[in-house]
Amino acid sequence: MLLDDLKDFNWLNEPENVRFSEAAMEISAKRQSEFWQHGSGQGKDNGHFFYSPKNKNFLLRLQWQTDDFPQQAQAGIMLRIDEKNWFKAAAVKTSQGSRICTSLTLNGYSDWAEISVPEDMNDYRFSLRRRGEDYLASFELDGKEIPLRMFHLAGSESKAGAYICSPGNAPAEAFLKNMAFGAS
């Protein structure tokens, strides 16, 4: 991943440790970091989000590699209007195995959905397509694009990019290998 390709990106909650190579950006998520809302001002908004502001239609594709990922850690794609309205889809290791999880947060309340993926999977490719205020999130499995979720989020100005967090007591490291915007 070339640094010049990332010049329009910013951090929300910049991680303490980010290393660059020609192949990837290695990001270390601090322990007990998360994006989750319960309403009434409760929840966490301290995960690490590397984003670019977008006010037009787009297609974002990104790829994570998650070797030795601890339980509950997440690496994925995120769309954010503000702290109370956002979407995320991520690779997550759980006690039940490897999962792709999604969460849509509206007006400060987060939901959660998950599907199983092969246990040995550690290379994850996500995409997010915007058309107006409508979005489609997908991931790739065995070379096929699998739709995860269609949703609507009001707001002309959005932030889209990659996120990583580790809600448990262990930090997490993952490699962001590719991230590119294109026309939707």
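Start by selecting residues 134–141, strand β14, together with β13: the two pair in the antiparallel sense over six bridges. Here a strand is a DSSP run of E with at least two residues, numbered from the N terminus, and two strands pair if DSSP finds at least two bridges between them. Now click Arg 130 and look across to Tyr 135, its bridge partner in β14. β13 and β14 form a hairpin with two residues between them, and Gly 132 in that turn has a positive phi of about 70 degrees.

A word on what you're looking at: this is a predicted model, where local features need pLDDT of at least 70 and side-chain atom pairs count only at pLDDT 80 or more, while totals for chains, interfaces and linings use all residues. Residues are numbered from 1 along each chain as its sequence is written, and side-chain values use heavy atoms, leaving out hydrogens and water.

Leu 60 sits opposite Leu 128 in β13.

Which sheet do these strands belong to? An open one of seven strands, in the order β2-β3-β17-β7-β13-β14-β15, with antiparallel pairing. Colour its edges, β2 (17–20) and β15 (144–152), each of which pairs on one side only.

Still in this sheet, pick β3 (residues 25–29) and β17 (residues 172–182): five bridges join them, and they run antiparallel. Glu 26 stands opposite Phe 175 in β17.

Now move to β4, residues 35–39. Four of its five residues are buried, meaning under 20% relative accessible area with a 1.4 Å probe, protein chains only. β4 pairs with β5 (residues 42–45) in the antiparallel sense over four bridges, and Gly 39 faces Gln 42 in β5.

For the next stop, select Glu 34, Trp 36, Lys 44, Gln 72, Gln 74, Val 92, Thr 94, Trp 112 and Pro 167, which line the largest pocket. (On a 1 Å grid over the protein atoms alone, a pocket is an open set of points where a 1.4 Å probe fits, with protein on both sides within 12 Å along at least five of seven lines; lining residues have an atom within 4 Å of a point.)

Finally, zoom out. The protein chain has zero helices and 17 strands, and its C-alpha atoms fill a box of roughly 40 × 40 × 35 Å along the principal axes. Buried residues make up 49% of its 184 residues.

How values were computed. Buried < 20%, exposed > 50% of the residue type's maximum accessible area, 1.4 Å probe, protein only.
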